[in-house]
Amino acid sequence: MSCRYTRARTTAEAVEALVAAKGEAHVIAGGVALVILMNERLVEPTWLVDVSGIDALRSIDRLPDGMIRIGAAVTHREVAESEIVAEAFPMVPEMAAEIACGRIANKGTVGGSICLADPQGDPPVAMLALHATMRTVGPDGARDIPAREFFVDLYETALREDELLREILIPPMKPGSVTAFGKYAARKAMDYTSTISVAVRLVRGADDGPIEEISLGFGGVGQTPVHSEEVENVFVGAVPSDETFGRARKKLFDVLDPIEDHLYSADYKRHVAAVTLRRTVMKAFDGTWEGEGVLIR
Ligand SMILES: Cc1cc2nc3c(=O)[nH]c(=O)nc-3n(C[C@H](O)[C@H](O)[C@H](O)COP(=O)(O)OP(=O)(O)OC[C@H]3O[C@@H](n4cnc5c(N)ncnc54)[C@H](O)[C@@H]3O)c2cc1C
């Protein structure tokens, strides 16, 4: 089967191609995920719209209102090395630096990861905890979709077929906020296998008082990247203690519905999520980490 290829130079050109293709086109950025799907014949595109050369999608900026804007075609490597992002949300570059290996990080993009909506992808998990907004562009202009409404089902997002993701907007955090990212991955970097991750953003109470606010993202424990207000509510007004983490663990076992796979049972994934949550909250709260770094092998 032949496949048409459009290398768009502007978002307008890309949208024009998507509209003309009437749902038959696939956007391609780094191609890290899409080319694997094509090799496996799981996707057989007849039109590829390449957005990796659109300058407007390639930059990271701090906007005048303190919002951080990450263009959809920014690579994981560029996020890992961004001083703007590190200063605003230290866990994001830390997370990006742990993605796969150099080759994948150099080509794979944040937008590609978010639009793929793999429940194990790391950037979607961070964006849930940071209450990011996905700004899309289509024939009717731009549309803002909160991260918490973007991931609809397994590999399915709220994007329409004639839209592309233009940028991710992350709001500034309140004073006293801290962040951390934790990941359990029994693998080497080049395996595409089961991982479980947790992103934490929390506001510490004054003088080591109870947690004032918390927001969490979970990866690898459901059909989509997961957030749960029920789990978050366990921590609000509480200090991190065995009792608090015990209640959070119980809640996680109630709300998480992980996909069982060849490596782990659903209950084992719930258990790992609870342990990783505890370690990651403690890392955010007082900088300690009871494991061996972000990536526990
Ligand atoms: C060996 C291996 C290890 C990996 N390890 C990790 C890991 O540790 N952590 C992790 O998070 N990920 C991991 N990944 C996944 C990888 O990081 C992502 O698949 C990659 O970021 C996807 O980005 P891309 O630009 O290559 O997307 P592409 O492959 O180009 O596209 C992916 C999907 O997104 C769509 N898309 C892309 N950009 C846009 C856009 N702007 N608007 C609309 N739709 C768009 C495409 O149509 C396609 O459906 C791994 C992958 C491999 C192969």
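Predicted model: local features only at pLDDT ≥ 70, side-chain atom pairs only at ≥ 80, totals over all residues.
Tyr 155 sits in the loop between β8 (151–153) and β9 (156–157). Its phi is near 55°, a positive value in a residue other than glycine. For background, most residues other than glycine have a negative phi.

There is another residue of this kind to look at, Ala 117. Its phi is also positive, near 55°, and Ala 117 is not a glycine. You will find Ala 117 in the loop between α7 (110–116) and α8. Is Ala 117 buried or exposed? It has 21 C-beta neighbours inside 10 Å, and the cut-off for buried is 20 or more, so Ala 117 counts as buried.

How many of the residues of α8 are buried? The count is 8 of 8, so by the burial cut-off the helix is mostly covered. The buried residues of α8 include Asp 122, Pro 123, Pro 124 and Met 127. After α8 comes His 131, and the phi of His 131 is positive, near 55°.

Now let me step back to the whole chain. The protein has 12 helices and 14 strands. Its radius of gyration is 19 Å, close to the 19 Å that the globule rule gives for 297 residues, so the protein is as compact as a globular protein of that length. The C-alpha trace spans about 60 × 50 × 30 Å along the principal axes. Of the 297 residues, 44% are buried. Take the contacts between residues at least 6 apart in sequence: 62% of them join residues at least 24 apart.

On to the domains. The division is into domain 1 (4–50), domain 2 (55–170) and domain 3 (177–296). Between the C-alpha centres of domain 1 and domain 2 the distance is 18 Å. Where these two domains touch, domain 1 gives 12 residues and domain 2 gives 17 residues. Which element supplies the largest share of the domain 1 side? That is helix α1 (residues 11–20), with 5 residues. By type, the domain 1 side has 8 nonpolar residues, 4 polar and no charged.

Next, a pair of helices, α11 (residues 242–255) and α12 (residues 266–286). Their axes come within 9 Å and cross at roughly 145°. The crossing of α11 past α12 is right-handed. From α11 the contact uses Phe 245, Ala 248, Arg 249, Leu 252 and Phe 253. Facing them in α12 are Arg 270, Ala 273, Ala 274, Leu 277 and Arg 278. That contact divides into 7 nonpolar residues, no polar and 3 charged.

Why is Thr 280 classed as buried? Because 25 other C-beta atoms lie within 10 Å of Thr 280, and 20 or more is enough. Setting aside neighbours within four places in sequence, Thr 280 is in contact with Ala 180, Phe 181, Gly 182, Val 198 and Val 200. Lys 174 is another matter: from Thr 280 to Lys 174 there are 106 residues in sequence and 19 Å in space, C-alpha to C-alpha.

Definitions and conventions:
Residues numbered from 1 in each chain as written. Axes fitted to C-alpha atoms, helices over the stretch in contact; angles between N-to-C directions. Helix = DSSP H or I, 4+ residues; strand = E, 2+ residues; numbered from the N terminus. Left-handed = near helix turned anticlockwise from the far one by under 90°. Contact = placed C-beta atoms within 7 Å. Nonpolar A, V, L, I, M, F, W, Y, C, P; charged D, E, K, R; others polar. Rg over C-alpha atoms; globule rule 2.2 N^0.38 Å. Buried ≥ 20, exposed ≤ 12 C-beta atoms within 10 Å, placed from the backbone. Domains from an automatic or database assignment.
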